[in-house]
Amino acid sequence: MTDAARGDARTAALLHAQGVHIAYDDETVLDGVGLMLEPGECLALAGANGSGKSTLLRVCVGRQQPDRGEVRFAGAAPREADAAFRRDAGLLLDGAACFPDLTVAEHIRMVATAHGLGSGAAAAVDRVLAELGLDHRRDAFPDALSAGQNQSLLLASVLVRPARLLVLDEPEQRLDTAARRRLAAALRTAKAAGTAVLLASHDRATVEAVADRVLLLDRGRTAALGTPAEVTGRAEVSPWR
């Protein structure tokens, strides 16, 4: 790709990271990693535990600053504390939690209302509850849910609201096979609506069902970048061998 073509690609990308480097003392966590993500596209981060996936997600949302390199979301540096960024980006990262005194439906409706859905909030709640298989638990409180249902509630809180970008760290964790299939279908629906999806995942089936491209990290460096078939089919670099 020529320099001009790279410049055009960066301009078109909704999310762009280049040369991201992070080190703690003598340990390099990310070493010159970059990515580009366009509207309606899903990029999956794969790799063993400790390969840098979660750190790269935090950098991409402005939760952590790189030692070197840059990240741009819609042309500006992402800052999680900015109201405009919170409006455009739906995040499911470490530390996500539910309000214990609200039922499933109340919690999701509060999120939908807070993000401007107004009179459409009730319909959006019904839609996402059905999508993620939570409609029969709409009146339950979080402490009455299974681990998988709690994870589905967190996902519903992200998926119910409008977003230009979804950033999800291992969204499939604690979900059974059927719930993972529902999650994949919901993410494909979000992509079809023009939402970009950046996710870190250990689940090959989820990655193959949702991702357009896979960025494989190995000890903080890019080991492979390509379609799911290209990356998962290479035994020497696949994280699922």
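Student: Hi! What does the chain average in pLDDT?
Tutor: This is a predicted model, and the chain averages a pLDDT of 92. Of the residues, 93% score at least 70.

Student: And where does pLDDT stay under 50?
Tutor: That happens over residues 1-9. For residues 1-9, the model has two contacts beyond four places in sequence.

Student: Okay, new topic: the sheet. What is the order of its six strands?
Tutor: The order is E5-E6-E7-E3-E8-E9, in an open sheet with mixed pairing.

Student: Which are the edge strands?
Tutor: Strand E5 (89-92) and strand E9 (221-226), each pairing on one side only. Neighbouring strands of this sheet are turned by 15° against each other on average, ignoring direction.

Student: How many bridges join E6 to E7?
Tutor: Five, between residues 165-169 of E6 and residues 196-200 of E7, and these two strands run parallel. Asp169 stands opposite Ala200 in E7.

Student: Which strands does helix H6 touch?
Tutor: Helix H6 (residues 147-159) packs on the sheet and touches E5 and E6. The direction of H6 makes about 170° with that of E5.

Student: How do the axes of H4 and H6 cross?
Tutor: The axes of H4 (residues 104-114) and H6 come within 8 Å and cross at roughly 25°. Angles under 35 degrees count as roughly parallel, so H4 is roughly parallel to H6. Their crossing is right-handed.

Student: Which residues make that contact?
Tutor: From H4, Val104, His107, Ile108 and Val111; from H6, Leu153, Ala156 and Ser157. By class, five are nonpolar, two are polar and none is charged.

Notes:
Residues are numbered from 1 along each chain as its sequence is written. This is a predicted model: local features need pLDDT of at least 70, side-chain atom pairs count only at pLDDT 80 or more; totals for chains, interfaces and linings use all residues. Side-chain values use heavy atoms; hydrogens and water are left out. pLDDT is the predictor's confidence in each residue, from 0 to 100. Contact means heavy atoms within 4.5 Å. Two strands pair if DSSP finds at least two bridges between them. Helices (H or I, at least four residues) and strands (E, at least two) are DSSP runs, numbered from the N terminus. Axes are lines fitted to C-alpha atoms, for helices over the stretch in contact, and angles run from 0 to 180 degrees between N-to-C directions. Angles under 35 degrees count as roughly parallel, over 145 as roughly antiparallel, 65 to 115 as roughly perpendicular and the rest as oblique. A crossing is left-handed if the near helix is turned anticlockwise from the far one by less than a right angle, and right-handed if clockwise. Ala, Val, Leu, Ile, Met, Phe, Trp, Tyr, Cys and Pro count as nonpolar, Asp, Glu, Lys and Arg as charged, and the others, Gly among them, as polar.
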